[in-house]
Amino acid sequence: MERIDRTYSTDVKSGDDKVKVSGWVHEIRDIGKLVFIVIRDRKGKIQATFKEDECGEELFKEVKNLGKESVVEITGSVEENGQAPGGREVKPDEMVVLSEAETPLPLEVSGSVDSDLSTRLDERFIDLRKKEEFDIFSFRSKVVSGLRDYFESEEFVEIHTPIISKGGAEGGATLFPVIYYQEEAFLRQSPQLYKQMLMAAGFDKVFEIGPSFRAEKFGTSRHVSEFTQWDVEMAFIEDQNDVMDHLEKGLKHLIGYLKENASRELEDLGIELKEPDYDFPRIKFDEAIDILEKEYDHVPEDPTDLDTKGEKLLGKYFEEKGKEFFFVVGYPGEKFYYMQGREEDDMASRKFDLIYRGQELSSGGQREHRIDVLHKAMEEEGMDKSNFEFFLQIFKYGIPPHGGFGLGVDRLVTKLLELDNIKEGIMFPRDPNRLSP
Ligand code: AMO
């Protein structure tokens, strides 16, 4: 038999005399001597019209028995039809049923029935058949390309560091233990220590895109147990501002890139992205607390952090000034690896958060590279230093001042696409109640 390449629905043109379209049966309308079926592929839909007196008895019988969501391959010519989706339809010569779908389906694909998020995630492979879902994940793929585009052009090197470690850098409460042969080990909470090791190795500028794991106890709309972090580290910096500059420029580049390269997805999802034409405000932690108190009469319970409400209110404050992105710098009581505020700083630390549309998107800062200060900070945090010997070593034999950040890719996608829940931007999310699928 003659081999014909598959044509996506959107590329089918009326007048084509032989095309092969393949996909899922999205819709069937059987009106006796005529059966319309709509085939769906990842790009769109195309109708095929089967007429009893034209397509032969056997083929007609087969199409009458077809169930929704079965996978078929139809070969035929293409004719104009103003009533069909896209104004054209396939006149079939042949149909192969590649896989039959059972009925009833666990989830409606056509979108005529709204299912709650939990049901959708239970039946995720079917849920992902919806065009909107494909658009979200095609967009997500372009987010990663756009960030990579910026950091590669700035000569950052992509790295891959271990997922299994002896200890985590981000605090004991959210560690996931694993059994590593006879030893207890943990899934990484971030690539923090390894990207710093590469600064001691002289790599100067690195980035990593990979999974990080946190045993977050509460299922919120912005936390998951496994997320994708965009990590960056750079050496020979003056202070945290050098790091913030790259984060700001990277995000501005990304939005421009998406407007150009993801315009189809954005349009279909009904999202209009604004390119930030302003410098991201950089305010000190104390100033942020002042704004919250004076403008909104809000005092976060934990004096060393902004709570969710605080971030939201500050987001509102800056959005009213036309600025969706801003930095808060100098958080008190920060993790051991951040540099504490120095005399010239007038703030508690060199740690910053980037907030976008009222939600923390990234944390970063300058690192402490003075070994004595680092030892003290680890003791104060009550850490078992024996698990971090490999890390402490790097400060003994020459390491430049350095800093970096970690950015939550899932949160970025959620906020850019205005999704309600971070899990909508993750294919197979993990939370305290979900380990499957
Ligand atoms: P932090 O813990 O703030 O910093 O994490 C950085 C960014 O990762 C995302 N994130 C999460 N996203 C979804 N679910 C979670 N449970 C979750 N936890 C974190 C957020 C957050 O801003 N090592 C430092 C970064 C650095 O200094 O380089 C770190 O991990 O978007």
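Let's start with how the chain folds back on itself: of the contacts in the protein chain with a separation of 6 or more, 66% join residues 24 or more positions apart, a contact being heavy atoms within 4.5 Å. This is a predicted model, where local features need pLDDT of at least 70, side-chain atom pairs count only at pLDDT 80 or more, and totals for chains, interfaces and linings use all residues. Residues are numbered from 1 along each chain as its sequence is written, and side-chain values use heavy atoms, with hydrogens and water left out.

The overall picture comes next. The protein chain has 13 helices and 16 strands; these are DSSP runs numbered from the N terminus, with helices being H or I of at least four residues and strands E of at least two. Its C-alpha trace spans about 90 × 55 × 40 Å along the principal axes. Of the 437 residues, 51% are buried, where buried means under 20% relative accessible area, exposed means over 50%, and partly exposed is anything in between (1.4 Å probe, protein chains only). The chain exposes about 21700 Å², with carbon and sulfur atoms supplying 46% of that; the areas come from the Shrake-Rupley method with a 1.4 Å probe, and for residues only the protein chains shown count as cover.

Now the charges. There are 60 positive and 92 negative ones, and their mean positions sit 1 Å apart. Here Lys and Arg count as positive and Asp and Glu as negative, while His and the chain ends are not counted; each charge is placed at NZ of Lys, CZ of Arg, CG of Asp or CD of Glu. Side chains of opposite charge can pair when their charged atoms come close. The structure holds 41 salt bridges, each being a side-chain nitrogen of Lys or Arg within 4 Å of a carboxyl oxygen of Asp or Glu.

Glu 233 lies in strand β11 (residues 226–235) and Arg 367 in the loop between β15 and α11, so the pair ties together parts that are 134 residues apart in sequence. Glu 233 is buried at 0% relative accessibility, and Arg 367 is buried at 1%.

What does Arg 367 touch, leaving aside residues up to four places away in sequence? Its contacts include Gln 192, Lys 195 and Gln 196, along with Tyr 337, Tyr 338, Met 339 and His 402. Met 339 is 28 residues from Arg 367 in sequence, yet their C-alpha atoms are 4.8 Å apart.

Gln 192, Lys 195 and Gln 196 also lead us to helix α6 (residues 192–200), where they are buried along with Leu 193, Leu 198 and Met 199. The buried residues of α6 pack against β10 (205–213), β11, α12 (389–392) and β16 (402–408). Just after the helix, Gly 202 takes a positive phi of about 85°.

Back to salt bridges for a moment. Arg 370 meets Glu 368 at 2.6 Å, N to O; Arg 370 is partly exposed at 28% relative accessible area, whereas Glu 368 is buried at 2%. Arg 124 pairs with Glu 133, with the closest N and O atoms 3.5 Å apart. Arg 124 is buried at 1% relative accessibility, and Glu 133 is buried at 3%. There is also a network of salt bridges linking Lys 131, Asp 135, Lys 142, Arg 264, Glu 265 and Asp 268.

Helix α5 (residues 131–153) holds Tyr 150, which is buried with a relative accessible area of 5%. Not counting residues up to four places away in sequence, Tyr 150 touches His 246, Lys 249, Gly 250 and His 253. Val 178 is 28 residues from Tyr 150 along the chain, and their C-alpha atoms are separated by 35 Å.

Finally, the surface patches. They are built from residues with over 30% relative accessible area and no salt bridge, joining like charges within 9 Å and nonpolar side chains (Val, Leu, Ile, Met, Phe, Trp, Tyr) within 5 Å. Ile 164, Tyr 180 and Tyr 181 form a nonpolar patch with about 360 Å² of accessible area together. Tyr 180 belongs to strand β8 (residues 177–180) and is partly exposed at 40%. A negative patch brings in Asp 286, Glu 287, Asp 290, Glu 293 and Asp 297. Asp 297 sits in the loop between α9 (285–296) and α10 (308–319), and is exposed at 69% relative accessible area.
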